Amino acid sequence: MQDMLLIALYAFLGAAAAGLVGALALWLLRDRSVAVALNIVVAVAVAAMLCGTLAVAEAMFLSKHDLSVVTTVVAMAAVVSLATALLLGRWVVARSEDLALAARSFGDGGSFAAPDGASTAELAALGRQLAATSAKLAASRERERALETSRRELVAWISHDLRTPLAGLRAMSEALEDGVVQDPDRYFRQIRVEVDRLNSMVGDLFELSRIQAGALALAPTRMSVYDLVGEALAGADPLAREHGVRLVGGSIEAVPIEVDGKEMTRVLANLLVNAIHRTPADGTVAVAAERRAGSVVVSVTDGCGGIPAEDLPRVFDTGWRGTEARTPPGGAGLGLAIVRGIVEAHEGRAAVHNVTGGCRFEVTLPTAVAL
């Protein structure tokens, strides 16, 4: 037993000495390639085996012949091991270089495609992660392009919408100043109308900027959907009468929700005004609210004739106005963007789809937690 302990001790000391040298070599060459690291690791393993074997052989006083046999066997094993490590290292480095080359492409604005051929599990996982990152970057670039296009369109439309009333205000004010107006009261009323229109447009821009900046402060209170829809219908009734449109409050359940009453009233008001303007005289705008799996869906259905399928994904975009037939006089196309922003701030979602003779806007909100 004592002899076995001595053999184990000599083998451990010899292997430990080789291991310390290998660790020092790895630290000194830590900035080199994977191939170098693999060769050092294999060399350390072989050297540790060789040093342990030689230390035990010396301690056992082997003959020169036996010692040379052991040394030759270990040396051949070291040569084969180092050659294998070299080939493996070159293969790993080649796969790493292919992966780096592929990654460089999507960093320059392209897309990432994982290199063909077998690879280690770590490099394969890295390739999958890079592919997922590339997809996210592509989607982000697409959203950025769409947002930039929307911003340019909005600036152009706002500039046009501001220029028209301002030109009218200037002409009317100059006519009043020159005293060439026969009915000043009519001019004053028209000026008031144009000022109100501009004020509404500026208010929408301010509201949209707060939403996009994440600065929309909500003050949620518990209320019934029935009351919320009732107030919105009462507010839109005069406009509906003026346009000869019937407002119909269909099946409206008294579902409790926790929302900012002022902001959600604005949401429904925007949807109702939008629907009334786009529904022909003698048409109907229907409002409904129903419970669905932990949420409540408030819908506004108009008689606009429908929205082209290619425009449906853009309905809630900033500045969208739709086709010429659905473009109201004035307006900057901000109402539906504000609707989506406010609804999403309430952790809900806004959607639209065509129905027979028109389209239906749906606002889905989470129901209030039962007390």
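Ala, Val, Leu, Ile, Met, Phe, Trp, Tyr, Cys and Pro count here as nonpolar, Asp, Glu, Lys and Arg as charged, and the others, Gly among them, as polar. With that in hand, welcome to this predicted model. We will start at a pocket and then visit a few residues.

**The second largest pocket**

By class, the lining of this pocket has five nonpolar, five polar and six charged residues. The lining is made of 16 residues, and Leu-147, Gln-212, Asp-317, Thr-318 and Arg-340 are the ones nearest the pocket's centre. Two or more lining residues come from each of helix H4 (121–178), helix H5 (184–212) and helix H8 (335–345). Of these contributors, H4 gives the most, with six residues. The volume of the second largest pocket is about 400 Å³.

How many disulfides does the model have? The count is zero. Cys-304 is in no disulfide, and the nearest cysteine sulfur, that of Cys-359, is 3.4 Å away. A disulfide needs the two sulfur atoms within 2.5 Å, so the 3.4 Å between the sulfurs of Cys-359 and Cys-304 is too far for a bond.

| Residue | Relative accessibility | Class |
|---|---|---|
| Cys-304 | 18% | buried |
| Cys-359 | 0% | buried |
| Ser-295 | 13% | buried |
| Ile-252 | 18% | buried |

Buried means under 20% relative accessible area, which is why Ile-252, at 18%, belongs in that class.

**Ser-295 in strand E5**

Ser-295 sits in strand E5, which covers residues 295–301. Where does the side chain of Ser-295 reach? It comes to 2.6 Å from the backbone oxygen of Arg-292. Leaving aside residues up to four places away in sequence, Ser-295 touches Glu-290, Thr-364, Leu-365, Pro-366 and Thr-367. Ser-295 is buried, because its relative accessibility is 13%.

**Ile-252 in strand E2**

Our last stop is Ile-252, found in strand E2 (residues 246–252). Which residues does Ile-252 touch, not counting those up to four places away in sequence? They are Val-225, Tyr-226, Val-229, Val-287, Ala-288 and Ala-289. Take Ala-289 from that list: Ile-252 and Ala-289 are 37 residues apart in sequence, while their C-alpha atoms are 4.5 Å apart in space.

Methods:
Residues are numbered from 1 along each chain as its sequence is written. This is a predicted model: local features need pLDDT of at least 70, side-chain atom pairs count only at pLDDT 80 or more; totals for chains, interfaces and linings use all residues. Side-chain values use heavy atoms; hydrogens and water are left out. Helices (H or I, at least four residues) and strands (E, at least two) are DSSP runs, numbered from the N terminus. Buried means under 20% relative accessible area, exposed over 50%, partly exposed in between (1.4 Å probe, protein chains only). A polar contact is a pair of N or O atoms within 3.5 Å; within protein, one must be able to donate a hydrogen and the other to accept it, and residues adjacent in sequence count only if both atoms are side-chain atoms. Contact means heavy atoms within 4.5 Å. On a 1 Å grid over the protein atoms alone, a cavity is a set of points where a 1.4 Å probe fits but cannot get out, and a pocket is an open set with protein on both sides within 12 Å along at least five of seven lines; lining residues have an atom within 4 Å of a point. Grid points are joined across faces, edges and corners, and a volume is the space filled by probe spheres set on the points.
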